[in-house]
Amino acid sequence: MSDLTATTADADSRLEGYRVELTGYCYRMLGSAFEAEDAVQDTLVRAWRNFDKFEGRSSLRSWLYRIATNVCLDMLNAGNKRARPVDLSGPTPLAQAALNPLPENTWLEPMPDGRILPSVADPAEAAVARESVRLAFVAALQHLPPKQRAVLILREVLAWKASEVAELLESSVASVNSALQRARATLNDHQGTAADAADPLDEEQSKLLERYVAAFEGYDMKALTALLHEDAIMTMPPFDLCLQGHDDIAGFMLSIGASCAGSRLIATSANGTPAFAHYKPNPDGPGFEPWAVQVIDISDGAITGMHCFLDTERWFPLFGLADRLEADAA
């Protein structure tokens, strides 16, 4: 069935088939899980309302990306740029560490893999998709002007031709190529070191994460810091806290973070990397209560980042996580 002869009756199912990849695109553009899902919903509603006017001059996929791009550009006109704590002020010495919350729209947000990474058969294509949703990469994208951001994602991540991007943005090929060159230069200044590939986890990575879980749940700081890179980072949005290095991370966990002793970690995945649902002991009775979604960066056989997102009322439902664990949870 061609796009021209498609009936409104099958519009819902055809449009819905693009939800995951569009969510991934909007997430890279906006840096927010919830804004991305709002943008995709707006895109699909606009497309459904105008489905009978779709004339098939381009593919349905191209038409949807045009709508999604315009929705994202409109949302970005407000000028908000999301970041990680390390992007705002850099690491804070433990002696100066304080839990200062900043507004929700300050922070880059995590995203479950299943909502942004469509199933693809090509391992190389899947690897590019995972790399392009890593927290560090999405944070670097936030330094680009909105149209440069769209150009880079469409060309470098989604492998669109320059002519296709130019048509989508109603621009010229020369303008698209120039924007891509400027975007690459900016990205190189901000991206930092890439984390290791982790899907599927290799044996070394799996063992590293098993040791991490054992050390964290046992609150064994000697064992935990042995797994951390010497320059490992620990962050805790919505607080602006950013700690770096073994001593400051362990010192924080044994002081301000001491209530996390006896916690439980449940494996999940986010942003193309390993992640854990962190439940800490319920101070008012048995069992464990949600505390954070931890997104873990691994590089060269060591943990380089522990990014703990504390707004569990938002994150745990998004990740499909239980709102408590019973006392006998392992």
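Arg314 counts as partly exposed in this predicted model, its relative accessibility being 23%, and its side chain meets that of Glu104 in a salt bridge with an N to O distance of 3.6 Å. Because Glu104 lies in the loop between helix 5 (85-88) and helix 6 (113-116) while Arg314 belongs to helix 15 (residues 312-318), the pair ties together parts that are 210 residues apart in sequence. The structure as a whole holds 16 salt bridges, and side chains of opposite charge can pair in this way when their charged atoms come close.

**The network around Arg314**

- Arg314 and Glu104 are both members of a network of salt bridges that also links Glu35, Arg82, Glu109 and Asp311.
- Glu104, the partner of Arg314, is itself partly exposed, with a relative accessible area of 37%.

**The pair Glu16 and Arg19**

- Glu16 and Arg19 form a salt bridge in which the closest N and O atoms are 2.5 Å apart.
- Glu16 has a relative accessible area of 41% and is therefore partly exposed, and Arg19, at 24% relative accessibility, likewise counts as partly exposed.

**The pair Arg134 and Glu131**

- The side chains of Arg134 and Glu131 also meet in a salt bridge, here with an N to O distance of 3.5 Å.
- Arg134 has a relative accessibility of 5%, which lies under the 20% cut-off, so this residue counts as buried.
- Glu131, by contrast, counts as partly exposed, since its relative accessibility is 28%.

Definitions and conventions
Residues are numbered from 1 along each chain as its sequence is written. This is a predicted model: local features need pLDDT of at least 70, side-chain atom pairs count only at pLDDT 80 or more; totals for chains, interfaces and linings use all residues. Side-chain values use heavy atoms; hydrogens and water are left out. A salt bridge is a side-chain nitrogen of Lys or Arg within 4 Å of a carboxyl oxygen of Asp or Glu. Buried means under 20% relative accessible area, exposed over 50%, partly exposed in between (1.4 Å probe, protein chains only). Helices (H or I, at least four residues) and strands (E, at least two) are DSSP runs, numbered from the N terminus.
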